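Reader: Can you walk me through this one? Keep it brisk, please.
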Amino acid sequence: MNPTIGVIVFPGSNCEQDALEAMTSLGASCKLLWHNSPDLGDVDGVIIPGGFAHGDYLRPGAIARFSPAMESVISFARSGRPVLGICNGFQILTEAGLLPGALQKNRGLKFLCKPVELNVQTTNSVLTSEAIKGDSLTIPINHFEGNYTCNDETLKELHAEDRILLTYKNNPNGSIGDIAGICNAQRNVVGLMPHPERACHPLLGSTDGQQLLRSFIESSRL
Amino acid sequence: MEFEANVEVQLKEGIADPQGSTIENATPKLGFNGIENVRVGKSIRFTITAEDEATAKETIQELCEKFLTNPVIENAIIHLQGAE
């Protein structure tokens, strides 16, 4: 049976339909889950989509992390099941403490919306298991606060534990260590700024996002 | 007792501040010289009712840690004064 993926929708999320469409086209069952309910239902994986949850007021993710659904997402993640945060979803996962570090305003203060080239650094995660290490993927970014930052100790840990999944070939936003995506120590919670769901159809200019989302579907099947 | 609070949220030292550097780069072009080390923060003002100043401060500190700041990149300076 195909796994069921829950996509959490906050007021201000705007990529939930893209995520749903992409995941469905890759064979997953998908359902949208309103942030105000702690009930995730019977899902096998959770996606926190891009957008501007709660208007990004105070800081991106600062308010969203207190939504009732997030408490359930935290327990879901702690039980080892796959959680993926895309763009604003990545920001929410760092605010919720499920991923280390924080996302700062882009260097140069420009809102960036363009395809970028990413390097696959490891295949040991729920997002990259179907990718090939060293491969280059073209996937769009669409953010103002995607400049990943963390302290030296965390950066060393991320490197030592092989937790940097994707890096930018040409760093667009000032992100430390060219980081585009990371995972937690258990490797089941992943966050990335680029939008794989927008690179899943030839009409969109790239299908490179498919291998990342397919990895997530396969990991949700386990 | 009611107190007036002003929480100044600042980026921690060593954390790059793209807004600060953009402002700093603009200053000489506008004819203002000698301006350096620009850091941008935010100021959050509110009133708080508490038994005494110490309690108010304690509550605000917790509020800052849990919500008003991201402790990974930000610090808070709390200013508190008794409201008339």
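Predicted model: local features only at pLDDT ≥ 70, side-chain atom pairs only at ≥ 80, totals over all residues.
Reader: How many helices and strands does chain A have?
Author: Chain A has five helices and eleven strands. These are DSSP runs numbered from the N terminus, helices being H or I of at least four residues and strands E of at least two.
Reader: Why call chain A as compact as a globular protein of its length?
Author: Its radius of gyration is 15 Å, close to the 17 Å that the globule rule gives for 222 residues, so chain A is as compact as a globular protein of that length. The radius is taken over C-alpha atoms, and the rule is 2.2 Å times the number of residues to the power 0.38. The C-alpha trace spans about 40 × 35 × 35 Å along its principal axes.
Reader: Now the sheet. What is the strand order in chain A?
Author: S2-S1-S3-S4-S11-S10-S9-S6-S7, an open sheet of nine strands with mixed pairing. Two strands pair if DSSP finds at least two bridges between them. At the edges, S2 (29–34) and S7 (136–143) of chain A each pair on one side only.
Reader: What packs on it?
Author: Helix H2 (residues 68–78) of chain A does, touching S1, S2, S3, S4 and S11 of chain A. Its direction makes about 125° with that of S4(A). Axes are lines fitted to C-alpha atoms, for helices over the stretch in contact, and angles run from 0 to 180 degrees between N-to-C directions. Two residues are in contact if their C-beta atoms, placed from the backbone, lie within 7 Å.
Reader: And the core? Which residues touch the most other members?
Author: A:Val7, A:Ile8 and A:Met23, in the largest nonpolar core, of 69 residues. Such a core is a set of buried Ala, Val, Leu, Ile, Met, Phe, Trp, Tyr and Cys residues joined through C-beta atoms within 7 Å. H2(A) gives the most to this core, with five residues. A:Val7 also stands opposite A:Ile47 in S3(A).
Reader: Switching to chain B. How does S1 pair with S2 there?
Author: S1 (residues 2–11) of chain B runs antiparallel to S2(B), with eight bridges. B:Glu2 stands opposite B:Thr49, and B:Val9 stands opposite B:Lys42. S1(B) also pairs with S3 (residues 74–82) of chain B, antiparallel over nine bridges.
Reader: Is S2(B) largely in the open or buried?
Author: Of the eight residues of S2(B), the number buried is zero, so this strand lies largely in the open.
Reader: Last one. How many residues of chain A are in contact with chain B?
Author: 14 residues of chain A are in contact with nine residues of chain B.

Methods. Residues numbered from 1 in each chain as written. Chains lettered and ligands numbered in written order. Buried ≥ 20, exposed ≤ 12 C-beta atoms within 10 Å, placed from the backbone.
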